[in-house]
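I set out to read one chain from its confidence values to its packing.

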Amino acid sequence: MAQTDNTKRNAQHKTTLKAAHRKKHGRRHGTPHTTTLRRTLRREAPSTVGLLVDAQDFAAMRRYGTFPFDDHTVYLQQVEALLKALTAQGVHTTVALFDPEDYEEFCTESGLDADTGASRSRFTAEIAAAGATVTYTGQGIDDLIPVLVSRAVRQATWEYATLLLADLGTCADCGQDIGRAAFDRASHLLMRLLEAAGPGTHHLVCSVPTDSDQLLAVLHTHRDTTGPARLDSAEGAEFATVLAVAVALESRGGVVLRTSAPESPDRVHGWRLAHGGLAPLTAGEVFNAYCTDADTGEPVSPESGVEYCAGFDIGAEPPETHH
């Protein structure tokens, strides 16, 4: 009997010790401590939201029965509320462009049922890993959409230009990769142009017509009175790739540079692609190019406080030919 009482007391003692240990360290399932840990992990797990930016894409998704929305405006409002809620929780959130045609193709290739939320979630993760995204920082949905669309267009342009260069193959005479040589040449031209542009904030646009599309690349840089120009490496690579297409194909590409500096009017300069180099336009040609509607050909009023200037010599040596 005494042994049985001791056994019971020992068991009760062990139970009391375990309970005290759990209380001290907060490791019992469902305690406030574990809930806090899960919330911390949730904040550190990034989120991606796929966004249907226009009414046409939204209408295409309505054919799926599991897609819960029937009004695009309400959908955008709900997406914005979700983004704000995630931000309030401390979750890093990015927004990706959700394209219904790409989604349908993705599901077909992956053997997925397109009419499920799980498939939409998986596609969103895929495009976030490889596509264009924008980090959500609290901006309104109307401000976020143009940035996202612009980012997607930039990436699509870069991918298309890269494919064009890759398909050019090698030079029959020297065996050099034509696309690589054109990219190196374009990078050199860009660096020389930025060097010659001097200090200020620079906005460059490169336009290159192709058989199926008009390629457009934009680059923003700033240069102090000392030191080189500062530019985003991704933007620089995209700009050089589009310029390289014009160099390689010897197409009618053009480059426009707009420079802003304190206490002086903006200056606009222009060049045309010629024989693998940048040939300066005259001031009149720059004015005509900038003050003509590209779609209608009708004159456009010049901007106030802008000087239309001839392109300057960037001093780039003639290119070698590999054709």
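**Entry 1: confidence**

I noted at the outset that this is a predicted model. I looked up the mean pLDDT of the chain and found 83, with 82% of its residues at 70 or more. I then asked which element has the lowest mean pLDDT and which the highest. Helix H1 (residues 2-25) is the lowest, at 48, and helix H3 (residues 55-61) is the highest, at 95. Over residues 16-29 the pLDDT is below 50, and this stretch has 8 contacts in the model beyond near neighbours in sequence. I reminded myself that where pLDDT is low, predicted coordinates should not be read in detail.

**Entry 2: helices H8 and H9**

I next looked up how helix H8 (residues 178-197) packs with helix H9 (residues 233-249). Their axes are 7 Å apart and the angle is about 115 degrees. The crossing of H8 with H9 is right-handed. On the H8 side I listed contact residues including Ile-178, Phe-183, Arg-185, Leu-189 and Leu-190. On the H9 side, Gly-236, Phe-239, Thr-241, Leu-243 and Val-247 are among them. I sorted this contact by class and recorded 13 nonpolar, 3 polar and 1 charged residues.

**Entry 3: nonpolar cores**

I asked which residues of the largest nonpolar core touch the most other members. Of its 33 residues, these are Leu-193, Leu-204, Phe-239, Leu-243, Val-255, Trp-271 and Leu-278. Two or more residues each come from helices H7 (141-166), H8 and H9, and from strands E4 (200-209), E5 (214-223), E7 (254-260) and E8 (266-274).

**Entry 4: positive phi**

I looked up Glu-250 and found phi near 55 degrees, a positive value in a residue other than glycine. Glu-250 is in the loop between H9 and E7. Is Glu-250 buried or exposed? Glu-250 counts as exposed because its relative accessibility is 54%, and the cut-off for exposed is over 50%.

I then turned to Glu-263, in the loop between E7 and E8. Phi of Glu-263 is near 60 degrees, again positive in a residue other than glycine. With a relative accessible area of 86%, Glu-263 is exposed.

Conventions
Residues are numbered from 1 along each chain as its sequence is written. This is a predicted model: local features need pLDDT of at least 70, side-chain atom pairs count only at pLDDT 80 or more; totals for chains, interfaces and linings use all residues. Side-chain values use heavy atoms; hydrogens and water are left out. pLDDT is the predictor's confidence in each residue, from 0 to 100. Helices (H or I, at least four residues) and strands (E, at least two) are DSSP runs, numbered from the N terminus. Contact means heavy atoms within 4.5 Å. Axes are lines fitted to C-alpha atoms, for helices over the stretch in contact, and angles run from 0 to 180 degrees between N-to-C directions. A crossing is left-handed if the near helix is turned anticlockwise from the far one by less than a right angle, and right-handed if clockwise. Ala, Val, Leu, Ile, Met, Phe, Trp, Tyr, Cys and Pro count as nonpolar, Asp, Glu, Lys and Arg as charged, and the others, Gly among them, as polar. A nonpolar core is a set of buried Ala, Val, Leu, Ile, Met, Phe, Trp, Tyr and Cys residues joined through side-chain atoms within 4.5 Å. Buried means under 20% relative accessible area, exposed over 50%, partly exposed in between (1.4 Å probe, protein chains only).
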